[in-house]
Amino acid sequence: MIPGSELASELGISATALSQIINGKGRYAAATRARVLARVRELGYAPHAGARAARLRRFDAIALFNSQEGWLGQLNPQMLDAIACAAGARGRRLIVETVPLASGEELERRSSLFAQRLCDGLLMNHHLPPSPALCQLVAACGVPALWLNLDLAEGGIRPDDAAAARQLVLALAGRGRRRLAMVDFSHDHAWAAAIGGAHYSAGMRWQAVRDAAAEAGLVVNLINRKRPAFAERIAMIRAALGDAGAPDGLICYGESEAQAVLLALAGLGLEPGAAVGLTQFAEQPTVAGRPV
């Protein structure tokens, strides 16, 4: 392809004028603009993206670094699609890399985006607070960065868990439920409270459920054990529903808890929304996404 400087010389204009006309900028006579664009189309000419990026120090790209360490990098397809659409609407490409984020050294070694700074912004998807070394590495890139699904004083973005908890409690209260229980088999709440080792949403959702229940004058308990076998989950729910003061409304931390609740209710011959109201924290429609 003919270099831009040669094309500009052929057309009798400066390289700057050529660049501005191609990009729809500058004030030029209509005839000049038409002549230049006609020649550009004829040659199939396109500016060199690398040269443009080097000159402007901008790559028109957002990098999403997704942790490969199990649940620490969970990102549902709807959220990924929304991020890509938002980037595209602003003229940015989305580059996704699934890499180890627990180790800053390993990330830098495996990612050319970090080593060569080939993006204008970073989205970090790693669901536990980053280590100081990783924070230092991200800061050294010199571009804006946001951490997804983290409750941080600065640079974190997360769902409004407290508002969601209030909505779930009020939904149950509005249907006459007076004794509630939150079901969480994803975290050990006693362990999390002691050493801060769980995802922020464990404590935040439970605290917000308690606060909303207290405001509404409702009783609320916690059904909790970290990752028991599925049969144990069902047994724990059935035991709770068999107590004298059994809950008449359940709030599930997530989809796996809701699935266990549905099976436990089915085993007891109970229909969700009849004897027992059922709600769930969710990022997308799920098996439990039905009326309370």
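Predicted model: local features only at pLDDT ≥ 70, side-chain atom pairs only at ≥ 80, totals over all residues.

What follows is a set of questions and answers on this structure.

Me: What is the order of the strands in the open sheet of five?
Reply: Strands of a sheet pair through backbone hydrogen bonds, either parallel or antiparallel. Two strands count as paired if DSSP finds at least two bridges between them. In this open sheet the pairing is parallel, and the order is β2-β1-β3-β4-β5.

Me: Which strands stand at the edges of that sheet?
Reply: An edge strand here has a single partner strand, so one side is left without a neighbour in the sheet. The strands in that position are β2 (93–99) and β5 (156–157).

Me: Which residue is the bridge partner of Trp147 in β5?
Reply: β4 and β5 run parallel and are joined by two bridges. In β5, Trp147 has as its bridge partner Gly156.

Me: How many of the residues of strand β6 are buried?
Reply: Buried means under 20% relative accessible area, exposed means over 50%, and partly exposed is in between (1.4 Å probe, protein chains only). Strand β6 (residues 179–184) pairs in the parallel sense with β7 over six bridges, and four bridges join β6 to the parallel strand β8 (residues 249–252). β6 is largely enclosed by the rest of the structure, because its buried residues number five of the six.

Me: Is Leu94 buried or partly exposed?
Reply: Leu94 lies in strand β2. Contact means heavy atoms within 4.5 Å, and, not counting residues up to four places away in sequence, Leu94 touches Ile62, Leu64, Leu80, Ile83, Ala84 and Ala87. At 22% relative accessibility, Leu94 counts as partly exposed.

Me: What is the volume of the largest pocket?
Reply: On a 1 Å grid over the protein atoms alone, a cavity is a set of points where a 1.4 Å probe fits but cannot get out, while a pocket is an open set with protein on both sides within 12 Å along at least five of seven lines; lining residues have an atom within 4 Å of a point. Grid points are joined across faces, edges and corners, and a volume is the space filled by probe spheres set on the points. For the largest pocket, the volume is about 1100 Å³.

Me: Which residues that line the largest pocket are the closest to its centre?
Reply: The largest pocket is lined by 43 residues. Elements that give two or more residues to this lining include α5 (77–89), β3 (121–125) and α11 (200–216). The residues closest to the centre are Gln74, Asn149, Arg205, Tyr253 and Glu283.

Me: What is the phi of Asn149?
Reply: Most residues other than glycine have a negative phi, and most peptide bonds are trans. Asn149 sits in the loop between β4 and β5 and counts as buried, at 16% relative accessibility. Although Asn149 is not a glycine, its phi is positive, at about 60 degrees.

Definitions and conventions
Residues numbered from 1 in each chain as written. Heavy atoms only, no water.
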